[in-house]
Amino acid sequence: MANINASVHFLLLIFLSSTFLYLETVKFGSCNGVLNVSCTEIERKALVDFKQGLTDPSGRLSSWVGLDCCRWSGVVCSQRVPRVIKLKLRNQYARSPDANDEDTGAFGDDYGAAHAFGGEISHSLLDLKDLRYLDLSMNNFEGLQIPKFIGSFKRLRYLNLSGASFGGTIPPHLGNLSSLLYLDLYSYSVESVEDDLHWLSGLSSLRHLNLGNVDLSKAAAYWHRAVNSLSSLLELRLPRCGLSSLPDLPLPFFNVTSLLVLDLSNNGFNSSIPRWLFNFSSLAYLDLNSNNLQGSVPEGFGHLISLKYIDFSSNLFIGGHLPRDLGKLCNLRTLKLSFNSISGEIAELIDVLSECVNSSSLESLDLGFNYKMGGFLPNSLGHLKNLKSLHLWTNSFVGSIPNSIGNLSSLQEFYISENQMNGIIPESVGQLSALVALDLSENPWVGVMTESHFSNLTSLTDLAVKKSSPNITLVFNVNSKWIPPFKLNYLELQACQLGPKFPAWLRTQNQLKTIVLNNARISDTIPDWFWKLDLQLELLDIANNKLSGRFPNSLKFPKNAVVDLSSNRFDGPFPHFSSNLSSLYLTDNLFSGPIPRDVGKTMPWLTNFDVSWNSLNGTIPLSLGKIAGLTSLVLSNNHLSGEIPLIWNDKPDLYIVDMANNSLSGEIPSSMGTLNSLMFLILSGNKLSGEIPSSLQNCKDMERFDLGDNRLSGNLPSWIGEMQSLLILRLRSNLFDGNIPSQVCSLSHLHILDLAHNNLSGSVPSCLGNLSGMATEISNERYEGQLSVVMKGRELIYHNTLYLVNSIDLSDNNISGKLPELRNLSRLGTLNLSRNHLTGNIPEDVGSLSLLETLDLSRNQLSGLIPPSMVSMTSLNHLNLSYNRLSGKIPTSNQFQTFNDPSIYRNNLALCGKPLTMKCPGDDEATTDSSGVDNEDHDDEHEDAFEMKWFYVSMGPGFVVGFWGVFGPLIINRSWRRAYFRFLDEMKDRVMVVITVNVARLQKNANGKEDNMELEQVSIHKLSNQNNCFHVSVICFMLNPDHIILNLMEYCVFVFQVVSY
C-alpha cells in the first residue's frame, strides 16, 4: 500500500512540477538561517494573533518568538520577496486518517492527540496575502466549522484540513479558490452533516480532491456531474461519502480524461462494476472496496495496462470466476479480492500472470474469504517472483502447496489458513528466506515436518499451524539437538504432534511473546531451561497435553498476559502467578489444597479465573471480591465447602459465575442480584438451601440459570419470566413446590426447561407451546457452557453443541391435568413428563413434533389410544409409555417397528399387538399371500383383532350373569333348590356308573393309553364330586385362555354321553 501510494504521488509530482517549480528555492525557517529573508511586520503580527487563538498543549509553536517569522517552525517564506507562502502545521505525531493499519506511524493515537492544535482560527490569516500552501491536518478543532474566509486566499494552491475534526457543512466559499490544485478535507468529524457539491465547479484547476468521510448523500444523484466539471483532475478520493449509486451512463466523466487515482470505497453502491472505468486509460489506482457491488468482475481490465492497484474486496455479491485478462496486468502490484463470493479456480489467472515478460510486478495478492474459490494451487504460482504478500485464507483450496513455492524469494507473508489443504507441506517452504509470517492453520495437513521445512527461514517471526479439531494428522519430527535459523515472536502449534518430549529446540527461542503448544501430545515435565529463558509471554497456552510436575512460582508476565494450563497433570498446591495476569485457566488438573486467601490481592487485574475440575478444597477466598474487573469466575467440580461469600459488589462486568459440583452450603447471597451483567449463574450440585433470592430478578441479561441438584425450596418465582434472554432454566432435583408459573411461557429464547424431581403440583401451563425458542432454527454457533441433559433414557453431556439441544423435562413431580398442546415446538428434541399424575389422552397432534427424539410419558394415568400421527415422528428413537391406561393396538409402521422392547408399553392392560404378547383380534389370521396383503386385508385384520379383544373383555361379565341367572333362583326358591340337588344326586350316580364302565372298557382296549385315561376320569370324578365345574373352568382359563372354549366343549360332550348312557 505504501509503495503504491508513493508511485501514484510520483506521477502526480510530474504534473504538478511546473506549478511548484519556483518553490524549490524557498527558505524553510525551521531549517537554517543562511539566507537573509525576513517577513513583514503585518505578517508577523498576523501569525502572532493566529497563535494566540490556538491551543498548543505540547508547545509545538514555542519557536514563534522574535521578529523574523520566517524562522518560525512550520512557516515558509519566499526567497525572492519576504512573504509567507506556506503554513505547514500538520500534526506529525498523529496517524493519517486514511492510513492502513500497517502504515501507522511510530506514535499512537493518544500520543498524537497530545500534540494536536485546537481552539479558533483567527481572521488575521487574511493578512498573509501570498499564502499558497495551508496544512492544518491531523489536529483537533473539535467540530469547529471550516472558516469561510479561507475562500478568500486567491493564490492558495494547496489546502489540507484532513483529520482535523472540523464540523458543520463545507463552506461554498471554497469554490472561489480558482487556483487550487490540491484539496483534502478528509473528515474525522463525529457530526454527520449533508453537504452538496455545487461549489466544486469553481475549482477549475483542481488536480487532487479528497472528500473522504464527508456526508455527500445529498449529492448522490449528481456527484458525477460535479466531478465531471474538473477537467484537470488526476486524483479523486470519495470514500465513505454515502454515495448510494454509480452513474448509469456510458461516459459520465467525459471531461475527466487523465484520471490516475479513483477511490470510491465504502459507499452504498449496489450495481455491477461499471464498464465506463475502462475509459480511464491512464488509471493506476482503483479502489471500490466495501460496497454492495454485484455480478462478476468483467472482462476488459486487461486493457488498463497502467493499473498498479485494484481493490474490489468486501463486496459480498461479487461472484463468478476471475476473468482471464486480469492476468495481462503485468504492471499490477496489488490485487485485493477478499471477502467476496468469487468461485472457481485460480490456476488460469496465475498462469497468465506468470507469462508476463520480465515477470509479473505483482507484490500483494489477497483472495481470502471467498468460500467458493478452491481447487489446487497451480505450480505456476512459483513464477510470481516479486510476490511479497500472499493471502489465501478461508477458501476451499485442496491438495498440497506446490513445490515451486520455494522460488518466491521475496515472499514475506503467506496465509493459507482455513482451507481444505489435505496434502503435504513441501520442504521447499524452507527456502523462503524473506518469509516473516507463515500461517497454515485449520487445514487437515498430513505427513511430517522436519528440519528441512525450516532450513532457510532466517526472517521468520510468526508461525501458526493450529487446528481446532483434536484429530492429529501432522507430525513435527526434528532432532532434539536442532537449532532453528529463526527467532520467533509468535508460535502457535495446536493439534500437531510435537511430543512425547517437550520440544528442545525452544531453548534458543528467547524472543517469544506467544507460545501455544495445545494438544501436542507432550507427555513430559517442563524442563528447567524453559523457565530460565526469562520470556515476557503475553500468551502461554500448553493446554490439552499430559504435562506433569509442579508449575514454578518464578515466571514473569507482562500486563494483560494469559496463561492456560488446562487439561494436564500439573499437581501440588495452587501456584503463585504474576500479578499482571488477566486470564488464568487451570481447569482439569491435579492441583490440591485451598485457593490462596490473598489471590485477589496478588492478581488484581484478573478478568477470567477458571480453576474447575481440580481437587481444591477449603472455602472461597473473600479476596476475590477485590478484583473489580472480573468477567468470569469458574470454580466448579472441586471440593470447596462453606457458604458462598459476599464478594459480589462492584463487579459490573462479571457475566459467568460457575460454582457447580462442590459442597457449598447455606443460602444464595442476595447481593448476587447486583451483578447486572450476569449471563451464566451455575450453582448446581451443591447443598444450598433456602429460597431463590428475589434480587436475582435484576439480572435481566441472564442466559443460563442453573440451580439444580440442591436443597432449595419454596415456590418458583414468577419474575423468572422477566429474564427475556434466558436460554436454559434448570432447577431439577430440589424441593420446590407450588405451581409452574405461567410467566415461564414468555421466555421466547428458552430451549432447555428442566424442572424435574421436585414437588411441583398443578397442571402443565397450557401456554407452554408458546416457547418459540424451541421452534427457531439456530444458524450461528453460540457458547452456553457444558451441561448434563437427561435424554434417550440416560444422562448425556453436551458442550460445543449445547445450543442445538431443545428439551422439556418436568418428570417426577406431582403435576396433574391434561397434556398441553405442543405442536408449535417444531424443534423440540426431548419431552419427559414421566412420574406425574397426568390424565386424559395423548394429544393427536403430538405427531407434528417431527424432530422429537425422546418421549417419556411413563407412570402417569394417560388413557385412550396411541395417536396414529405418532408414526410420522421419524426422529423418535426413545419412547416410554409404560404404566398408564392406554388401550388399542400399538402402531407398527415407521419408527414403531424399532420399538420392540415390551417394557416400553408395560402395564397398559388394554394395549395389544407387538411387541406385547397380548394379541389384538385378528392377529392369528395369518396371511398366505407371499406378495403382500393389500390395505383392505389389513383393515379386516385390525377389525377382527379389535372384536377378539372385546370378546375376551365381555366373557367375564357374561359368565357372572349366566352363573347368577342359574344359581340365584335356587338360593331364593327352596323347592327349586331341593329339586336341583336331587337331580344332582341322580346325575352323580349315573356318572359314577359311566365312569366305572368306561374304565373297565379302556383297560381292555387301550394298552398304551389306559394310564392317562384313568387319570383323566379319576380327576374328573373328583372334581365332579366336589361340584367344582366352576373351578375347572376358571383353572383352564388361567392356564390357557386361548383354549378355554375347546376345554369346556370337550367336557360338555363327555357329560352328554354319560347322561345318554
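Rings of Phe, Tyr and Trp (for Trp, the six-membered ring) pair if their centres lie within 6.5 Å; planes under 30 degrees apart count as stacked, over 60 as edge-to-face and the rest as tilted. This is a predicted model: local features need pLDDT of at least 70 and side-chain atom pairs count only at pLDDT 80 or more, while totals for chains, interfaces and linings use all residues. Residues are numbered from 1 along each chain as its sequence is written, and side-chain values use heavy atoms, with hydrogens and water left out.

**Colour by confidence.** pLDDT is the predictor's confidence in each residue, from 0 to 100. The chain averages 86, and 86% of the residues score at least 70. Select 1008–1061: pLDDT stays under 50 there, and the model has 33 contacts (heavy atoms within 4.5 Å) beyond four places in sequence for this stretch.

**Select the rings.** The structure holds 31 aromatic pairs. One of them, Phe454 with Phe476, is stacked, at 6.2 Å centre to centre and 20° between the planes. Phe454 lies in the loop between β23 (447–449) and β24 (462–465) and Phe476 in strand β25 (474–476), so the pair ties together parts 22 residues apart in sequence. Next, select Phe502, Trp529, Phe530, Trp531, Phe551, Phe570, Phe574, Phe577 and Phe609, which ring pairs link into a cluster.

**Go to the sheet.** Strands here are DSSP runs (E, at least two residues), numbered from the N terminus, and two strands pair if DSSP finds at least two bridges between them. Show β29-β31-β33-β35-β37-β39-β41-β43-β45-β47: these 10 strands form an open sheet in that order, with parallel pairing. β29 (548–549) and β47 (759–761) stand at the edges with a single partner strand each, so one side of each has no neighbour in the sheet. Asn617 has His639 as its bridge partner; for Glu643 the partner is Ser665.

**Select Asn686.** Asn686 sits in the loop between β40 (680–682) and β41 (687–690). Is Asn686 buried or exposed? Asn686 is buried, with a relative accessible area of 6%. A polar atom of its side chain lies 3.4 Å from the backbone nitrogen of Ser663. Beyond four places in sequence, Asn686 touches residues including Met659, Leu664 and Asp709.

Notes:
Helix = DSSP H or I, 4+ residues; strand = E, 2+ residues; numbered from the N terminus. Buried < 20%, exposed > 50% of the residue type's maximum accessible area, 1.4 Å probe, protein only. Polar contact = N/O pair within 3.5 Å; in protein donor to acceptor, adjacent residues only side chain to side chain.
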